[in-house]
Amino acid sequence: MSESLTRQLKITKQAVRGKGVVVAQNCRAAEVGAEILRKGGNAIDAAVATGMAIGALEPWMSGIGGVGFMTIWSAKEQRAWTVDYGPISAKKLDVSNYKIVGPGPANPFAWPDILNQNNEFGYHSIAVPGMVSGLGKALERFGTMKWKDVLAPGIALAERGMELDWYMQVMIANGAEHLSKFPASKAAYLCDDGRVPTNDWQGTRRYLKLGTLGETMRRLAEGGPREYYEGSLARDIAADLQAGGSAISYEDLASYEARIVEPLSFEHHGVTVNVAGGLTAGPTLRRTLELAGERTKGAGAPGADFFVAIAEGMHTAYQERLKTLGDKPNNTSTTHFCAADSEGNMVALTQTLMSLFGSCVMLPKTGITMNNGMLWFDPEANRPNSIAPGKRPLCNICPVVVVKDGKPWFCIGASGGRRIVPAVTQLSMMLVDRGLDVEAAFHQPRVDVSGVGPIRVNRTLPDEVKKAIAAKLPITEVDNQISPLGFANPSCIVRDPQTGELTGMNEVMSPWAGGAAQ
C-alpha cells in the first residue's frame, strides 16, 4: 500500500458487546466460541473450541501441530492460572543438524545461517507440539463441557476444508516456495503444477481440503487429548515424523504434558497484572512497566510523555532480555484470541505454529501442519537459549488478565512476535493509566520497540510525539498498513465493573479479526 493511499484511508472498527464475548484474529473462529457460550458453556469451553477450530480457518497461524500459552481467570477459584503448552525439543536431538554455515541474519529472527535452514523449514525444525495437551488440560480443569462436544465445530470445519479467499491466497503465495517441497503440503495448499489456487470471477466459494485433518480431529474427539500423545494417532504422528528425518519419537510425545502453573502476578497503579511468566515475554512486560513508572499516567489520549516512557522502558527491558536470556528478533505467524463469560471467567490465549505455516510440513497420515519450534532456539552454542535436547525455548507470547478490586477487568494479548509486548503494554496502559475505553484505545496509533534497531513509530502520531521520542532514541516512521500489518495484532475483552457487560475489540487494521457475542 503506497504512502499516499495510506494517508487517504481512515479505517475504523466497532467493538462487540454482550454478556459473553469471544474475539479472535479470525471472525469465524470467534463465532465458534460464541456459539459454545450460547449452548451454556463457559469462557474456557469457548476458548478450547475456538482454539481447536481455528487451525482449519487459518492454518498458516496455528493448529494442532502448534504450541501456546493461556492465562485464565477462574471465577470458581477467584484467581488466575497460566497453562503452559510450549514446545520442547526432542530428547535425542542431534545438535550437529543445526550447524552454522554463515553469519546471517538469514531469517526474521536474525539468527546465523544454518545448514539447509534446518531450524526454519522441514522435519528438523519441528519441536514436540503441546497445543492438544494444553487445551485438554484447560478444559478438564476449568471447563464444563465434554471434549467431544467442544471439538465438534472444528471437526466440521476441517472436514469441509478451508475457504479460499484473497487473504488465504496471499498467505499461500508467501509460503509456496517451501510448501512445494513436501508432498502432503503441496497437495493441500497448491495446484498440481505448484501454482497458488485462485477463485473464479463469479466469486464461487471454493474450499481446500486439508489432507486428512478432519479424520484426525474425529480420532481426537473419540480418543481424548492423550490420543495425540499415547494412542494410535501418536504412533502415526511419530512414524511420519521419523520417516521425514525428525528426531521426535513416540516416547517424546508420550512424555509430553502441558503444565498448569502460577502466573507472573504483579501490581501496577492499583491493578493486578497476571501474565504468563518463565520463558515468555511476561517478565519483559513487568520490567517495562517498572521502568516507565508514573510517566504513563494521565487523562485521555496519550501524549509525548506516555510514548517516551513506553519507548525508553521497552528499549531498556529488551536490552536486558537480550543480554541475560539470549533472545533475538522474532516475527512469527501466531494467533491470539480472548473469551469471557457472564460468570466472570476470562481467557487470554496465544497459540502458534511459529513461522508462516510453521515447518511447512503437513504430515501425510494425519493432515497436521507442524510447527517449527526449533527456530525459537539460539543456534549459537553455550548461551542460555542455545539449541539442546529436551529443552524449552524462549518466546514472546504475552497473554494477560488484569484484575481490579479483586474482580477480572480485562484480558488482552496479541500476535506479532516481538511486536506483541509493545502492543500489549501500550493498550493496557491506555486502559489502566489513561482511562480510555477499549474501542478508543485500539484506534490510537502506537509505537513498536523490539530492542534491536530504531523505534518504529506510526506515521500518524502527532509530530510533537515523534520529535520527543527521536530526542531520546532513533526512530523510523512506518505506515499502519493492512497487509502485512504494520504493527502487532491484538485482541481484548473488557468487563464493565458496574453492569458486567463485556466489550471485545480487535486490531483495527485487520479485516479478518472480529468478535461475536453470546
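## Basis of the description

The structure is a predicted model, in which local features need pLDDT of at least 70 and side-chain atom pairs count only at pLDDT 80 or more, while totals for chains, interfaces and linings use all residues. Residues are numbered from 1 along each chain as its sequence is written, and side-chain values use heavy atoms, with hydrogens and water left out.

Helices (H or I, at least four residues) and strands (E, at least two) are DSSP runs, numbered from the N terminus.

A nonpolar core is a set of buried Ala, Val, Leu, Ile, Met, Phe, Trp, Tyr and Cys residues joined through side-chain atoms within 4.5 Å. The largest one has 97 residues, of which M52, I64 and Y228 touch the most other members. Helix 3 supplies the largest share of this core, eight residues. Another core, of 49 residues, lies apart from it and includes F307, L427, M430 and M505.

## T335 in strand 12

T335 belongs to strand 12, residues 333–340. Because its relative accessibility is 0%, T335 counts as buried. Its side chain makes a polar contact with the side chain of E58 at 2.6 Å; such a contact is a pair of N or O atoms within 3.5 Å, where within protein one must be able to donate a hydrogen and the other to accept it, and residues adjacent in sequence count only if both atoms are side-chain atoms. Leaving aside neighbours within four places in sequence, the residues in contact with T335 (heavy atoms within 4.5 Å) include I54, M61, L349 and S415.

Strand 19 covers residues 489–495, and seven of its seven residues are buried. N489, S491, I493 and R495 point one way, whereas P490, C492 and V494 point the other way.

Two strands pair if DSSP finds at least two bridges between them. Strand 15 (residues 407–415) runs antiparallel to strand 19 and is joined to it by six bridges, with G413 having S491 as its bridge partner. Five bridges join strand 19 to strand 20 (residues 502–506), again antiparallel, and R495 stands opposite L502. Strands 19 and 20 form a hairpin with six residues between them, and G500 in the turn has a positive phi of about 80°.

Notes:
Buried means under 20% relative accessible area, exposed over 50%, partly exposed in between (1.4 Å probe, protein chains only).
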